[in-house]
Amino acid sequence: MVWDLDNTLWAGTLLEDGEVVLSDAVREVIATLDERGILQAVASKNDHDHAWERLEKLGVSEYFVLPHIGWGPKSQSVRSIAEHLNFAHSTIAFIDDQPAERAEVNHHLPEVRCYPAEQVAELTGLPEFSPVTTADSRRRREMYQSGFRREAAREEYGGADEEFLRTLGLVMTIGRAAEADLARVEELTLRTSQMNATGVHYGDERLRELLADPGHEVLVISLRDRFGDHGAVGIVLLERRPGLWHLKLLATSCRVVSFGAGTVILRWLIDQAAASGVHLSADFRRTERNRMMEVAYRFAGFTGSDCGCLAEQAALAARPGSGREDIELLHIEPAPQELPTTMRVDAPDLAVPAAVEAPRG
């Protein structure tokens with residue numbers, strides 16, 4: 001949600017009235033959106049220092065990321081916010097009291113949802129602002145703010161990217177999902193598009209079925225570093241068959257693309273398959289946005305293949321109405337992988353069934 005300030009977030013015009021008022025109703029909307037994991041930014045025509053000082057005095061500045069306060073077109077501010085967050089325009093909302101400002105944004109960014117200031121009190125009751133919340137979503141703003149501090153540290157660092165990553169103390173944890181993780185797993189399959197191998201959404205019921213099936217692994221990937229916890233950033237849905245493991249879905253948050261998280265996960269999985277003496281296949285469906293995921297698969301060594309181990313899967317895909325007509329089946333004959341140099345990976349041994357896996361210390 002991108003907020004205008006004058007006569008929208010607060011009552012009054014800062015440069016004309018001097019004093020402006022933040023109503024309890026608006027304050028509650030800001031806090032509620034934040035609790036639901038909806039990021040909030042500012043696009044306002046104002047003097048930056050004066051307006052930001054006022055937000056601080058009103059006690060709400062901490063809620064806003066990427067404030068754009070200046071004198072340029074608001075469509076440019078909204079576009080810049082979306083690009084910095086790597087968000088599709090369809091996931092951005094803009095609220096302003098001026099019809100001309102909403103029209104200007106709508107003209108240049110037609111996918112952005114625009115709301116008049118009169119609707120502020122109604123926002124939290126609208127379905128588009130009522131997502132299923134998880135522990136991670138409630139901390140989303142904090143995680144993004146940690147990310148901005150991380151970006152600032154990277155800009156100040158003089159060395160190569162790989163050297164900088166080593167300074168972060170990155171730790172990736174790969175764990176078998178529990179019921180408490182399912183809401184976040186579902187959210188990742190729904191919200192992640194750039195680093196989603198198939199674009200398939202797995203709902204709660206289907207995830208519970210996979211969780212209860214001993215032939216499947218539902219793995220949740222989380223990441224942390226010296227700047228903070230990234231939360232759950234990836235999922236793996238894996239079917240284990242004799243002689244062949246089938247990677248049905250790999251999805252990672254776009255927030256961890258720069259850390260090479262997808263490549264680290266794939267190499268770990270390839271190493272596990274090699275240790276278990278099985279081949280590894282992976283579903284991939286091309287979309288307009290997941291080119292980076294294809295690069296990750298190819299870079300890890302996956303190719304198109306006519307290996308005999310794929311015969312059953314290929315036959316299923318060929319059946320009319322299978323829903324797999326546009327899925328490419330990638331394949332690799334796994335070999336042992338070297339450990340990543342930029343992060344530590346804490347993960348289970350997939351050769352050990354989940355029922356007998358030693359508890360984590």
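First, the ground rules. We are looking at a predicted model, where local features need pLDDT of at least 70, side-chain atom pairs count only at pLDDT 80 or more, and totals for chains, interfaces and linings use all residues. Residues are numbered from 1 along each chain as its sequence is written, and side-chain values use heavy atoms, with hydrogens and water left out.

So, how many salt bridges does the structure hold? There are 23, where a salt bridge is a side-chain nitrogen of Lys or Arg within 4 Å of a carboxyl oxygen of Asp or Glu.

Let me start with Asp4 and Lys74, whose side chains meet at 2.9 Å, N to O. This pair links distant parts of the chain, 70 residues apart: Asp4 lies in the loop between β1 (2–3) and α1 (14–17), and Lys74 belongs to helix α4 (residues 74–85). Helices and strands here are DSSP runs, H or I of at least four residues for helices and E of at least two for strands, numbered from the N terminus.

Are these two buried or exposed? Asp4 is buried at 4% relative accessible area, and Lys74 is buried as well, at 4%. By buried I mean under 20% relative accessible area; exposed is over 50%, and partly exposed is in between, with a 1.4 Å probe and protein chains only.

Next, Glu328 and Arg286 form a salt bridge with their closest N and O atoms 2.5 Å apart. Again distant parts of the chain are linked: Glu328 sits in strand β12 (residues 328–332), and Arg286 in the loop between β10 (279–284) and α12 (291–300), 42 residues apart. Glu328 is partly exposed at 24%, and so is Arg286, at 48%. Both residues belong to a network of salt bridges that also takes in Arg291, Glu294 and Arg298.

Now for the sheet. Which order do its five strands follow? This open sheet runs β3-β2-β1-β4-β5, with parallel pairing; two strands pair if DSSP finds at least two bridges between them. At the edges are β3 (68–70) and β5, each pairing on one side only. β1 pairs with strand β2 (residues 41–45) in the parallel sense over two bridges, and Trp3 has Val42 of β2 as its bridge partner.

Last, back to salt bridges: Arg113 and Glu128 have their closest N and O atoms 3.9 Å apart. Arg113 is in strand β5 (residues 113–116), and Glu128 is in the loop between β5 and α6 (135–138).
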